[in-house]
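Trainee: Could you take one part of this structure and go through it closely with me? After that, I'd like to hear how the rest connects to it.

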Amino acid sequence: MIRIRRLNYFDIPKISKMIEYLDSDDGVRFKKDLSHETIALIQSCLPLKYRFLPESYVLINDKEIHGIITVVPTSGNPYKINITRLIFRNNSYDIGKQLVEFVIARYGARGANSFFVTVDSCHEELLQLFMQGCGFRQCSYENLWKIENFNPETHFSAAFRICQNSDAKAVSRLYNSELKSHFKPSLDRIKQEFSEPFFNGLTNFYKNRYVLEEPTKHRIIAYLSITTSDNRNFIIDMSLNEGYQISYDEVINFALEEISRRKTNFTAFIKHRQYTKNADTFEEYLHKRNLNCIQTKCVLVKDFYKPVKQEQNILQVFLLGENKVVN
């Protein structure tokens, strides 16, 4: 008999056997994430708006675990759900489909309105599972560029400061303004997503956030985040106001200096989001600096329907899929 339930502590030995094929880093990270499951069981009793920890589910058949899926509510916006892990036995794509459909139904019934997943572009079967099997659509791409032998032309670092929760509204406005118009309905972010979470110490990653202000008007013109899940590999992500000539060299210099303050040996990567207005200019810069793109991931989205705003007592109309009314 097939059933899907929450992962519990007693499943860990069986899961450890399943993930023996993972490289050492992925395996250690996964087992570390499982240690949070006891706390996550407590939050499962709470409404969706109060959840913040990853939650995992397993598919059981004849008392054997055949698949695992992990979801994480977006920090500051728990109604936006991220699928961060999907594991199933070799070529058992139907198991993966059942797990994805399960979490969509479960969290959708609790109020979630958007589901996101990033899939390596080389995994064609997995892309097909999400897009053709589960109704996701490909929105755009995110690339990781490894920083090696970085030789910038400008060595002066931009005067960033620590981002405060009071900056969240301005940062949200900056981030959304830099999205290409046709990506905004699915990828825009609310201000709460740029605030420091109250239970930040319980998250499975560590993030430093910075902002750069225009000197005279004190207007935020750049946002920078540095994220790590293992304190060894750091991902640099930036949002820059295209109306200002902000040097990429200076931003990256600042980020590398901040990382080097806490780590002597580290590997840094730059996230390149192809759904931003300056994506092409930024890519040209990365090529100019002789950096290498080591990973390309497809951003897949599944949105629930959103009702059209009504002006009179007429028939209620719904827009399905990717459509969204702009207020």
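Mentor: Let's start with Thr70: leaving out residues up to four places away in sequence, Thr70 touches Pro54, Glu55, Ser56, Asn82, Ile83, Thr84 and Arg85. Contact here means heavy atoms within 4.5 Å. Before we go on, remember that this is a predicted model, where local features need pLDDT of at least 70 and side-chain atom pairs count only at pLDDT 80 or more, while totals for chains, interfaces and linings use all residues. Residues are numbered from 1 along each chain as its sequence is written, and side-chain values use heavy atoms, with hydrogens and water left out.

Back to our residue. Thr70 sits in strand β3, residues 64-74 (helices are DSSP runs of H or I with at least four residues, strands are runs of E with at least two, and both are numbered from the N terminus). Thr70 counts as buried because its relative accessibility is 2%; buried means under 20% relative accessible area, exposed over 50%, and partly exposed in between, using a 1.4 Å probe and protein chains only. Thr70 and Leu7 are 63 residues apart along the chain, yet their C-alpha atoms are separated by 9.5 Å.

Now step over to Glu193, in the loop between α7 (184-187) and β8 (206-214). Glu193 has 13% relative accessibility, so Glu193 counts as buried. Beyond its neighbours within four places in sequence, Glu193 is in contact with Thr74, Ser75, Gly76, Asn77 and Lys80. With Lys80, the side chains also make a polar contact of 3.2 Å.

Next, the aromatics. The structure has 13 aromatic pairs, where rings of Phe, Tyr and Trp (its six-membered ring) pair if their centres lie within 6.5 Å; planes under 30 degrees apart count as stacked, over 60 as edge-to-face, and the rest as tilted. Phe194 and Tyr223 are edge-to-face, because their ring centres are 5.4 Å apart and their planes meet at 90°. Phe194 is in the loop between α7 and β8 while Tyr223 is in strand β9, so this pair ties together parts 29 residues apart in sequence. Phe194 and Tyr223 are both buried. Phe282 and Tyr285, on the other hand, are stacked, because their centres lie 6.2 Å apart with planes at 15°. Both of them belong to helix α9, three residues apart, or about one turn of the helix.

Tyr223 also takes us into the strands: its bridge partner in β10 is Ser239. β9 and β10 pair in the antiparallel sense over six bridges (two strands pair if DSSP finds at least two bridges between them). Their hairpin has four residues between the strands, and Asn231 there takes a positive phi near 60°. β10 also runs parallel to β11, joined by four bridges, with Ile235 standing opposite Phe269 in β11. Since six of the eight residues of β10 are buried, β10 is largely enclosed by the rest of the structure.

That brings us to the nonpolar cores, meaning sets of buried Ala, Val, Leu, Ile, Met, Phe, Trp, Tyr and Cys residues joined through side-chain atoms within 4.5 Å. The largest has 29 residues, and Ile147, Phe160, Leu224, Ile236, Met238 and Ile252 touch the most other members. Two or more residues come from each of β8, β9 (219-228), β10 (233-240), α8 (248-262), β11 (267-273) and α9 (279-288). Helix α8 gives the largest share, seven residues. A second, separate core has 26 residues, among them Leu86, Ile104, Ala112 and Cys134.

Finally, zoom out. The chain has nine helices and 14 strands, and 44% of its 327 residues are buried. Of the contacts with a separation of 6 or more, 66% are between residues 24 or more positions apart.

Technical notes: Polar contact = N/O pair within 3.5 Å; in protein donor to acceptor, adjacent residues only side chain to side chain.
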